[in-house]
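Subject: Handing over the model

Hi,

Here is the structure I promised to pass on. Have a look at it first, and then read on for my notes.

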There are 4 protein chains.
Amino acid sequence: MQALLKEILEEVRPLIGRGKVADYIPALGDVPGSQLGIAVYSNEGELFCAGDAHTAFSVQSISKVFSLVQAIGHSGEDIWQRLGHEPSGQPFNSLVQLEFERGRPRNPFINAGALVICDINQSRFAAPVLSMRDFVRRLAGNPEIAVDNRVVDSEYQHRARNAAAAYLMQSFGNFHNDVETVLRNYFSYCALRMNCIDLARAFCFLANDGFCLHSGEQILSSRQTKQVNAIMATSGLYDEAGNFAYRVGLPGKSGVGGGIVAVVPGRFSVCVWSPELNAAGNSLVGMAALELLSQRIGWSVF
Amino acid sequence: MQALLKEILEEVRPLIGRGKVADYIPALGDVPGSQLGIAVYSNEGELFCAGDAHTAFSVQSISKVFSLVQAIGHSGEDIWQRLGHEPSGQPFNSLVQLEFERGRPRNPFINAGALVICDINQSRFAAPVLSMRDFVRRLAGNPEIAVDNRVVDSEYQHRARNAAAAYLMQSFGNFHNDVETVLRNYFSYCALRMNCIDLARAFCFLANDGFCLHSGEQILSSRQTKQVNAIMATSGLYDEAGNFAYRVGLPGKSGVGGGIVAVVPGRFSVCVWSPELNAAGNSLVGMAALELLSQRIGWSVF
Amino acid sequence: MQALLKEILEEVRPLIGRGKVADYIPALGDVPGSQLGIAVYSNEGELFCAGDAHTAFSVQSISKVFSLVQAIGHSGEDIWQRLGHEPSGQPFNSLVQLEFERGRPRNPFINAGALVICDINQSRFAAPVLSMRDFVRRLAGNPEIAVDNRVVDSEYQHRARNAAAAYLMQSFGNFHNDVETVLRNYFSYCALRMNCIDLARAFCFLANDGFCLHSGEQILSSRQTKQVNAIMATSGLYDEAGNFAYRVGLPGKSGVGGGIVAVVPGRFSVCVWSPELNAAGNSLVGMAALELLSQRIGWSVF
Amino acid sequence: MQALLKEILEEVRPLIGRGKVADYIPALGDVPGSQLGIAVYSNEGELFCAGDAHTAFSVQSISKVFSLVQAIGHSGEDIWQRLGHEPSGQPFNSLVQLEFERGRPRNPFINAGALVICDINQSRFAAPVLSMRDFVRRLAGNPEIAVDNRVVDSEYQHRARNAAAAYLMQSFGNFHNDVETVLRNYFSYCALRMNCIDLARAFCFLANDGFCLHSGEQILSSRQTKQVNAIMATSGLYDEAGNFAYRVGLPGKSGVGGGIVAVVPGRFSVCVWSPELNAAGNSLVGMAALELLSQRIGWSVF
């Protein structure tokens with residue numbers, strides 16, 4: 001596996017330069033685009049990695065899975081009163097559907113849906129950001145994982161589009177806490193810094209019927225695990241979810257920091273990272289690496 | 001398995017009466033809503049069935065898979081010049097997205113996408129309806145399968161919405177043949193009459209890396225098979241694809257005749273049929289039966 | 001007045017070359033773009049003209065006023081069961097609003113609305129095209145006015161977008177006659193050939209409380225006349241109606257043949273023609289000429 | 001005139017009870033729905049009134065005209081860099097068009113457009129609310145006119161939908177000042193309390209080529225006056241502007257407090273007030289009164 005990972009990184013490395021590092025905030029735009037790392041973690045606890053797998057990056061939207069899992073943990077099926085689990089067919093930050101569907105986001109992986117999840121968590125936790133950080137530290141087995149406050153501040157200053165979504169949902173009665181507070185927490189989740197190894201380990205429970213091997217915790221039931229994977233499979237990669245299913249065939253979640261996690265149910269969790277994004281906002285080289293990996297090992301669930 | 005199928009049918013039978021038989025044309029509206037059948041076909045060629053598995057019904061949108069497979073067969077990746085493989089996030093017959101995206105349908109399982117696929121097949125086959133019928137007969141191993149011309153005529157008289165979609169695509173240059181001819185052929189595919197056993201057998205190649213056991217044909221390559229399954233998983237159940245993934249966890253395709261097919265990769269193909277539909281246009285009892293079946297046997301790919 | 005018209009034509013003539021002649025069909029694209037004419041007709045029957053006022057051109061969407069007036073004539077307020085009289089806020093050929101509003105066009109001057117009006121007229125007249133032609137001949141006092149069948153055939157071949165609109169309305173039950181027949185008649189109205197003088201005379205009744213001076217006919221009641229002018233003022237220039245009100249301040253109607261008619265209630269009817277169009281599909285030089293004219297004489301109704 | 005106004009109020013009074021007082025905030029919902037007043041002010045300075053013309057009410061969106069006039073006063077044509085003057089074809093608070101058109105509102109009379117105008121005024125005035133209040137006092141010739149702070153507070157608490165619009169525009173770079181500050185000022189303008197007489201007098205300059213008789217000020221140039229009236233005519237009554245032109249035929253502006261002002265260019269300014277609204281958010285009885293008045297005196301500009 002180790003050899004295969006190295007081989008694949010070399011194969012996709014020539015694609016570096018074809019994408020574009022997210023630059024809507026300086027803290028992201030500063031990241032050198034040529035970095036490339038991968039980590040694979042097996043249900044037996046074996047770890048394989050290659051390239052810049054030890055370099056931490058901003059997880060961004062990958063954190064939407066963590067907050068969803070937390071919300072399912074304390075509220076279960078009740079959360080679907082507030083949002084759906086259907087693909088949106090719209091860009092991740094669109095308000096159009098939100099207005100037509102009266103403030104109910106399509107799924108937890110578009111921004112509006114993740115904001116509702118944060119609003120749900122806000123009502124449950126006294127200190128939502130600390131709860132989240134500690135949860136992720138346990139999942140990854142790494143007590144050093146931290147929030148990058150420089151990124152939080154920068155995101156908050158550029159909060160306009162997300163603020164619009166939150167206020168629009170509030171106008172329909174689907175937002176219960178103070179908008180500015182929830183936005184700040186939402187940006188804190190996005191600003192978690194983790195590396196490929198952290199993320200592969202943190203997602204291992206989704207490949208293992210909800211059980212996290214190194215922490216020894218049952219994070220979700222087996223059925224809930226399948227459900228989270230199903231939502232990742234249909235809505236995890238913005239408006240490229242169909243293409244990811246077509247090319248890679250695995251549940252996955254991407255972030256504009258350039259990370260993509262994928263789950264091979266019953267076998268592996270994977271994280272690939274390369275900061276340059278394609279037009280849909282997903283790591284261009286990361287997609288290519290996962291496609292090759294999935295084909296070589298026959299990982300597609302389909 | 002046989003016993004399990006019977007048991008499941010009995011469990012879901014009380015739901016009959018909660019849905020509504022499609023009645024936009026009399027030929028469909030006449031079908032008694034209380035019918036319920038299921039068939040499971042294994043990669044080893046074993047057949048299990050229960051209920052009204054021998055009663056033929058109108059396959060309707062399930063035929064969209066057959067026409068897609070034919071188009072991939074002769075044109076391969078080229079077809080994606082003309083349409084996408086992303087979930088649409090819109091009702092199956094919406095023209096809104098089609099206008100915004102300049103006549104390019106999101107995927108082959110919404111009506112507009114299936115019409116483009118029919119247009120592609122029209123350019124390839126001298127007798128597209130006969131080709132399709134014969135292809136389906138071979139897949140199902142049943143030379144009796146036929147098109148119900150009463151349904152075709154009735155659909156054609158109610159063609160307005162589909163005609164609008166086809167002409168809109170033509171206005172963007174994404175429709176090459178005579179609209180009325182292609183519409184008539186499209187309705188002929190939808191009007192194929194098959195029973196649960198026929199459909200379970202006809203879909204077996206999608207569970208078997210593209211190989212159809214009883215005909216001995218390699219219908220698609222292994223990779224193409226995964227791709228078709230991926231599209232079914234993200235777009236196969238109208239605007240309820242996310243919910244089907246969440247509840248059932250399998251690639252599937254439904255039709256307003258009340259049939260739903262599902263694929264358990266590497267193991268089984270399934271068809272359940274019950275004519276009453278839910279609000280999203282999918283068989284209400286069929287969904288429930290597949291959910292139970294998937295849970296009991298642990299079939300979810302996620 | 002005659003001198004003023006000449007002066008204004010010279011002032012705007014330098015703008016020729018900045019617009020673009022409609023070229024979606026060859027019969028329109030062939031027209032030399034440098035032509036420019038104007039005619040003003042007073043309620044006292046005086047005619048003033050300048051430039052190419054005697055050259056006939058394709059009236060195109062200006063005919064939508066004639067068919068609306070015919071429909072009001074025989075059906076009165078009943079027509080508003082089938083369409084509205086609100087500005088659409090969308091391009092003239094958009095289907096988006098038509099789908100959201102279940103097949104009811106916003107007003108009679110977008111294509112969908114004009115098609116519904118033609119459908120209404122089709123149900124009333126044995127020979128709708130002849131009725132229309134004779135009506136326009138009487139209004140203009142010119143028995144030579146004719147339909148250009150070369151344009152009709154060409155438009156019919158490029159009917160896809162309008163066919164899509166008509167079928168979409170049919171799918172909602174808001175289209176009663178054969179789509180292809182009504183489309184053909186609709187294109188015949190658009191293909192009327194008239195010159196600036198014909199059009200200024202044909203619109204004189206709208207400046208004169210519904211009374212056509214030269215034919216001696218009361219075409220509409222005084223109240224209906226104000227209503228037609230109101231619809232022209234809010235919806236007469238595609239998605240530039242607000243700008244026309246802002247710059248010119250008169251009820252008006254444009255066509256992609258480059259003609260614009262305007263009504264000075266109680267005083268004059270005007271037609272200006274110059275084939276080059278701006279981005280909104282209105283005559284670029286014609287708009288400028290009407291703006292100058294309106295300012296110089298203080299014609300704005302506001 | 002006095003007699004006619006009384007007569008018309010009696011004719012429309014039976015319609016009271018068919019509309020619904022705005023109740024999205026208590027301060028508006030408390031207003032008794034049966035009130036009805038009207039005032040007409042001539043360019044010669046004569047005042048005619050009937051019914052509850054002396055009772056003050058919340059002007060709400062009628063204030064959008066005052067802020068537009070202020071903005072034109074200091075910035076002239078430059079404001080059209082930031083918004084349009086086309087009818088929107090959408091409800092007054094829709095974000096859909098705002099997203100599609102990248103944060104540029106269609107016109108100054110939908111909420112988003114009025115917010116941009118407030119943002120422009122915010123950049124110009126040290127104390128925008130005081131400037132506005134004093135401007136309106138001068139226009140109406142009434143130094144008692146004041147802002148109802150109970151309404152301001154209540155609107156601010158229900159600001160979610162307007163906040164969403166402002167943040168969405170900010171995300172596109174079309175909002176320059178602090179959102180919360182501008183929102184508060186916007187609500188202060190809306191919360192001006194004036195009666196029919198105040199409003200008829202305050203709008204007299206729009207009937208009089210920009211000259212305010214009692215203050216002796218030239219508020220706008222003659223040309224700017226026509227332009228403001230044109231925008232009122234095409235966009236002044238939410239998504240019922242076309243209907244208002246059709247039925248009344250005058251430039252007008254309505255507010256959810258139940259007031260409607262109308263301008264008879266060269267002759268009169270009018271204000272009618274009745275708190276019950278129709279489905280489009282305009283005073284139901286007020287519309288009927290203006291329609292009768294316009295027909296009886298032949299006021300339609302068309």
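A salt bridge here is a side-chain nitrogen of Lys or Arg within 4 Å of a carboxyl oxygen of Asp or Glu. Glu101(C) is partly exposed, with a relative accessible area of 31%, while Arg106(C) is buried at 13%. (Buried means under 20% relative accessible area, exposed over 50%, and partly exposed in between, with a 1.4 Å probe and protein chains only.) Salt bridges that share partners also join Glu7(A), Glu11(A) and Arg296(A) into one network.

Some housekeeping before the rest. This is a predicted model, where local features need pLDDT of at least 70 and side-chain atom pairs count only at pLDDT 80 or more, while totals for chains, interfaces and linings use all residues. Residues are numbered from 1 along each chain as its sequence is written, chains are lettered from A and ligands numbered from 1 in the order in which they are written, and side-chain values use heavy atoms, with hydrogens and water left out.

Now, chain B against chain A. The contact (heavy atoms within 4.5 Å) takes 33 residues from chain B and 33 residues from chain A. About 2,700 Å² is buried between them, and carbon and sulfur atoms give 56% of that. Buried area is the accessible area (1.4 Å probe) that two parts lose on being put together, summed over both. There are 22 residue pairs in polar contact between chain B and chain A, both residues at pLDDT 80 or more. (A polar contact is a pair of N or O atoms within 3.5 Å; within protein, one must be able to donate a hydrogen and the other to accept it, and residues adjacent in sequence count only if both atoms are side-chain atoms.) On the chain B side, helices H12 (222-235), H13 (241-247) and H14 (284-297) each supply at least two residues. H12(B) gives the largest share, 8 residues. Helices (H or I, at least four residues) and strands (E, at least two) are DSSP runs, numbered from the N terminus. By class, that side of chain B has 12 nonpolar, 12 polar and 9 charged residues. (Ala, Val, Leu, Ile, Met, Phe, Trp, Tyr, Cys and Pro count as nonpolar, Asp, Glu, Lys and Arg as charged, and the others, Gly among them, as polar.)

The count of salt bridges between chain B and chain A is 2. In one of them, Glu291(B) pairs with Arg223(A), the closest N and O atoms being 3.2 Å apart. Glu291(B) is buried at 15% relative accessibility, and Arg223(A) is partly exposed at 32%.

How do these two copies relate? A rotation of 180° with 0.0 Å of shift along its axis superposes chain B on chain A, with an RMSD of 0.0 Å. Copies are superposed by least squares on the C-alpha atoms of residues with pLDDT of at least 70 in both. Gly89(B) is the residue of chain B that comes closest to this axis, at 2.2 Å (C-alpha). Chain B and chain A meet through the same surface, because 100% of the interface residues of chain B are also interface residues in chain A.

Chain B also touches chain C. Here the contact takes 16 residues from each of chain B and chain C, and the buried area is about 1,400 Å², with 64% from carbon and sulfur atoms. Glu99(B), Arg161(B) and Tyr167(B) lose the most area on the chain B side, together 39% of what that side buries. This interface has 2 salt bridges, including one from Arg161(B) to Glu99(C), with the closest N and O atoms 3.6 Å apart. Helices H4 (96-100) and H8 (160-171) of chain B each supply at least two residues of the side that touches chain C, and H8(B) gives the most, with 8 residues.

Chain B can be laid on chain C by a turn of 180° and a shift of 0.0 Å along the axis, with an RMSD of 0.0 Å. That is the relation of a two-fold axis.

Cheers
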